[in-house]
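This report describes the domains, the ligand shell, the helix packing and the backbone of one protein. The sequence and structure are shown first.

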Amino acid sequence: MRVIVVGAGILGLAHAWAAAKRGHSVTVIERSAQASGASIRNFGMVWPIGQMPGESLEIALESRALWLEATQAAGIWANPCGSMHVAYREDEWNVLQEFAAQSSQLGYQCELLQPTEVLKRTQAVRSQGLLGALFSHTEVCVNPPKTIRTLPGWLQEKYGVQFQFGTQVNSVDSSGVHLATGVKLAADVTVVCSGSDFETLFPEILQSAGMRKCKLQMFKVALPAPGFRIGTHLASGLTLRHYKNFQVCASLNQLKARIAAETPELDRYGIHVMASQNDAGEIILGDSHLYDDEIEPFDSDEIDALITRELLRWLDLPQWKVVERWHGIYAKLDSGFVFEYEPIRDVFACTGLGGSGMTMSFGIAERFWRSR
Ligand SMILES: Cc1cc2nc3c(=O)[nH]c(=O)nc-3n(C[C@H](O)[C@H](O)[C@H](O)COP(=O)(O)OP(=O)(O)OC[C@H]3O[C@@H](n4cnc5c(N)ncnc54)[C@H](O)[C@@H]3O)c2cc1C
């Protein structure tokens with residue numbers, strides 16, 4: 001079968017791999033000269049712990065296994081480092097304890113750590129005031145720009161997937177795609193993975209589905225000292241109100257109310273703080289969340305300062321030298337973990353993975369191609 005995939009972000013690459021593995025002839029069309037969307041702008045956190053129990057957690061765990069398989073086969077760095085949510089306030093510790101008590105029954109692989117055990121796993125958190133942490137075994141770290149820009153070469157070499165970069169798809173029908181150059185490419189099946197572009201392909205469907213855009217500010221600090229490793233992905237108590245998994249905890253409401261009263265500016269800009277470390281030792285830090293009409297092309301110093309303030313409450317690095325700042329925009333649906341639709345026969349479109357696209361894409365693509 002001839003398959004065209006629109007978009008060379010993580011979701012497009014995942015579909016290309018899943019289709020090519022099944023013997024289909026796959027061509028990926030990407031507008032930019034190289035992938036430049038959300039998939040190269042993120043933390044590189046494959047984060048099953050953040051998913052709701054049930055179907056989305058199962059997909060995330062399958063995705064994790066596929067990440068390890070793909071990166072190993074392609075010779076790309078990936079670190080199954082796990083993750084740690086650290087607690088410095090009683091209400092944070094209460095949520096972690098409540099979550100840990102039900103976690104294994106719900107399918108998570110995590111455990112509570114006392115402060116001495118936390119400090120054995122990471123040298124990057126402050127010991128003063130530390131109450132403990134939730135360590136989860138299932139998270140993986142990848143280096144987004146390197147990985148997303150290396151996978152196409154591997155897919156081409158190993159599976160014969162063809163890539164056309166610098167090529168815009170203007171429209172899609174049941175027989176293939178129409179390029180901006182005027183060329184028509186024939187396909188039996190087209191999969192559209194166009195991320196946060198709601199304007200070009202099927203805009204009426206995306207708009208009526210209630211799709212939203214979300215902008216996140218991020219930055220990166222240099223390797224803090226030779227050989228310095230943070231040991232695992234790190235997140236603080238603010239993150240407990242961000243990912244859906246902690247919604248199973250009744251104690252979360254108290255934590256949310258305290259943050260809203262104490263630091264309303266964090267809710268205003270959707271700030272929670274996390275750290276991941278890539279293979280070069282650089283530490284990626286963020287983030288904030290602004291939606292739709294609030295999104296400007298300009299990044300806000302105030303937001304970066306708030307993110308920094310919150311990180312420095314618990315993150316302890318020997319050196320803090322910011323080397324890059326950027327923002328990314330992802331597509332998000334308020335309900336559900338993905339928006340999959342078939343606008344026309346043999347055309348399938350998929351987006352709206354929000355802050356979990358790196359975590360979910362391989363599993364979502366695998367599920368799609370397995371069912372065909
Ligand atoms: C700052 C930030 C941090 C994040 N952190 C994480 C994280 O740590 N873990 C996690 O799981 N998720 C994270 N996410 C979410 C994740 O990055 C996204 O969900 C995911 O990258 C979306 O992938 P995608 O392939 O759908 O979109 P994209 O990566 O945006 O790719 C879409 C591609 O389609 C191309 N395209 C669009 N329209 C056309 C067209 N008409 N013709 C040709 N090409 C077209 C675009 O050029 C683009 O390259 C983060 C997101 C951001 C922004």
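How far apart do the C-alpha centres of domain 1 and domain 2 lie? In this predicted model, the distance between the two centres is 28 Å. Domain 1 is made of residues 2-63 + 144-201 + 335-370, and domain 2 of residues 89-137 + 212-332. Contact between the domains involves 19 residues of domain 1 and 22 residues of domain 2. On the side of domain 1 that touches domain 2, 7 residues are nonpolar, 11 are polar and 1 is charged.

**Ligand shell**

The shell holds 44 residues, of which Gly 9, Gly 37, Gly 195, Gly 328 and Gly 357 are the closest. Two or more residues each come from α1, β14 (212-221), β19 (322-332) and α10 (357-370). Sorted by class, the shell has 19 nonpolar, 20 polar and 5 charged residues.

**Helix packing**

| Helix pair | Axis distance | Crossing angle |
|---|---|---|
| α1 (residues 10-21) and α5 (residues 144-159) | within 11 Å | roughly 15 degrees |
| α2 (residues 55-74) and α10 | 7 Å | about 100 degrees |
| α3 (residues 90-106) and α7 (residues 252-262) | within 9 Å | roughly 155 degrees |

The axes of α1 and α5 cross at roughly 15 degrees, which means that α1 is roughly parallel to α5. The crossing of α1 past α5 is left-handed. On the α1 side the contact uses Ile 10, Leu 13, Ala 16, Trp 17, Ala 20 and Lys 21, and on the α5 side Ile 148, Leu 151, Pro 152, Leu 155 and Tyr 159. By class, this contact of α1 with α5 has 10 nonpolar residues, no polar residues and 1 charged residue. Helix α1 is also one of the elements that give two or more residues to the shell around the ligand.

Another element of that shell, α10, packs against α2 at an angle of about 100 degrees. This angle makes α2 roughly perpendicular to α10. From α2, the residues Ile 59, Ala 60, Glu 62, Ser 63, Leu 66 and Trp 67 take part; they meet Thr 359, Met 360, Ser 361, Phe 362, Gly 363, Ile 364, Glu 366 and Arg 367 of α10. The contact of α2 with α10 comprises 7 nonpolar, 4 polar and 3 charged residues.

For α3 and α7, the axes cross at roughly 155 degrees, and the two helices are therefore roughly antiparallel to each other. Helix α3 passes α7 in a crossing that is left-handed. Asp 91, Glu 92 and Val 95 of α3 make the contact with Leu 252, Gln 254, Leu 255 and Arg 258 of α7. Of the residues in the contact of α3 with α7, 3 are nonpolar, 1 is polar and 3 are charged.

**Backbone geometry**

Most residues other than glycine have a negative phi, and most peptide bonds are trans. Which peptide bond is cis? The bond from Gly 286 to Asp 287 is cis, with omega near 5 degrees. Asp 287 sits in the loop between β17 (283-286) and β18 (290-291). Phe 202, a residue other than glycine, has a positive phi, near 55 degrees. The loop that holds Phe 202 runs between β13 (189-192) and α6 (203-208).

How values were computed: Residues are numbered from 1 along each chain as its sequence is written. This is a predicted model: local features need pLDDT of at least 70, side-chain atom pairs count only at pLDDT 80 or more; totals for chains, interfaces and linings use all residues. Domain bounds come from an automatic or database domain assignment. Two residues are in contact if their C-beta atoms, placed from the backbone, lie within 7 Å. Ala, Val, Leu, Ile, Met, Phe, Trp, Tyr, Cys and Pro count as nonpolar, Asp, Glu, Lys and Arg as charged, and the others, Gly among them, as polar. Axes are lines fitted to C-alpha atoms, for helices over the stretch in contact, and angles run from 0 to 180 degrees between N-to-C directions. Helices (H or I, at least four residues) and strands (E, at least two) are DSSP runs, numbered from the N terminus. Angles under 35 degrees count as roughly parallel, over 145 as roughly antiparallel, 65 to 115 as roughly perpendicular and the rest as oblique. A crossing is left-handed if the near helix is turned anticlockwise from the far one by less than a right angle, and right-handed if clockwise. A residue is near a molecule or strand if its C-beta atom, placed from the backbone, lies within 6 Å of it.
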